[in-house]
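The sequence and structure come before the discussion.

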Amino acid sequence: MTEPMLALAGVTKAYGAVAALAGVDLDVPRGDLVAVLGPSGCGKTTLLRCVAGFERVDSGTVRVAGRQVADGHAHLPPHRRRVAVVPQDGALFPHLSVADNVGYGLDRAERRGGRVEEVLDLVGLSGYGARMPHQLSGGQQQRVAVARALAPRPPLVLLDEPFSALDAQLRAELRADVRQALRADGATAVLVTHDQAEALSMADAVAVMDAGRIVQHGAPAEVYRDPATPWVARFVGDAVLLPATVDADGAVTPLGRLPLRGRAVGGAATVLIRPEQLRLAPAGGSAATVVRQAFHGHDALTTLRLADGTLLTARTLDEGAALPAGAQVGVTVRGSVRAYAGAD
Ligand code: ADP
Ligand code: MG
């Protein structure tokens, strides 16, 4: 197996009493984009700063491209790690043109060799080299920041919530374009974000972070389908978590007996159902009353109450007419569910 481009082992970093990183293990294979997904304050920026060399780690090791760059004693300064960072606000030099911003980290030969134009083309900005940053939209400025990061062909590109200041439409477009630019350039990247849609749609693998630790690391579909804990289930998407009793034949839940996937846990449990697994029909399955429906264009989220008072949310596509509050429906579950030991 070839060595990962980035390898963190047991990395800790505290600020006074706050354990920002509480023992982080993370491998990023060459050419991959790994998203570190976690809530605000969980340590994502600290992780990137320790990899880039802006912070010293307290213990553990950081290896970039097969070379150890930091441990509890040694610390290679940022410029010797050659790791590129794309910050949230782009942080372009306001007094330099787009081309000069992008060429900033290159020597003269590299600049003459056409690398600046090449990376501007990758991010969809060919012909913009003479512009000044203030003549660009927010999205274009972030594209320049990505081009500047890629230009010196760094072993690793780190992106810290690079789209969070942009509106939804622009964000979706930029995610796809930046993903494609990174892939076309063969870059290895770590993207940190608190936005689950961003992580799931862009990354080869998602590392879910909570309170200074990676709590799950897997392919996007795996993290969504088989979250390691109820907390991860809620964080990476909409989750219906119901109390259940598990036996050899499945889980007994307020929606009846459901087939299980993954590890079996006996006795009292919590089961995870994704809202798109719930099917609504005029009758059949478990009887429920519609509490409200929120229409989102591509789908609708319908909140339901079962006879025992349990509340659930179903995601439905074009199930015909809108369901008014008070309507009676039957709920069935499609596919298998995941169980966790104990009550939620
Ligand atoms: P995230 O990027 O996931 O929002 P951060 O890495 O910025 O999280 O912060 C992790 C924790 O470390 C937070 O509790 C934050 O308040 C604390 N922290 C971050 N930087 C510093 C600092 N320079 N001094 C003191 N505490 C800090
Ligand atoms: Mg941050």
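At least two residues of the shell around ligand 1 are supplied by each of β2 (18-28) and α1 (44-52), and α1 gives the most, with 3 residues. The model is predicted, and in it the shell consists of Y15, V18, A20, P39, S40, G41, C42, G43, K44, T45 and T46. By residue class, this shell divides into 5 nonpolar, 5 polar and 1 charged.

## Polar contacts and cover

Oxygen atoms of ligand 1 take part in several polar contacts with the protein: one lies 2.6 Å from an N or O atom in the side chain of T46, one lies 2.9 Å from an N or O atom in the side chain of K44, and one lies 3.1 Å from a polar backbone atom of G43. Of the 560 Å² of accessible area that ligand 1 has on its own, the protein covers 58%.

## Nonpolar cores

The largest nonpolar core comprises 43 residues, and those with the most contacts inside this core are V102, V157, L159, V178, L182 and V206. Helix α6 (residues 138-150) provides the largest share of this core, namely 6 residues.

For V102, when its neighbours within four places in sequence are left aside, the residues in contact are V116, V119, L120, V144, A147, R148 and A151.

Methods: Residues numbered from 1 in each chain as written. Chains lettered and ligands numbered in written order. Predicted model: local features only at pLDDT ≥ 70, side-chain atom pairs only at ≥ 80, totals over all residues. Heavy atoms only, no water. Near = heavy atom within 4 Å. Polar contact = N/O pair within 3.5 Å; in protein donor to acceptor, adjacent residues only side chain to side chain. Areas by Shrake-Rupley, 256 points an atom, 1.4 Å probe, with all protein chains shown as cover. Helix = DSSP H or I, 4+ residues; strand = E, 2+ residues; numbered from the N terminus. Nonpolar A, V, L, I, M, F, W, Y, C, P; charged D, E, K, R; others polar. Core = buried A, V, L, I, M, F, W, Y, C linked by side-chain atoms within 4.5 Å. Buried < 20%, exposed > 50% of the residue type's maximum accessible area, 1.4 Å probe, protein only. Contact = heavy atoms within 4.5 Å.
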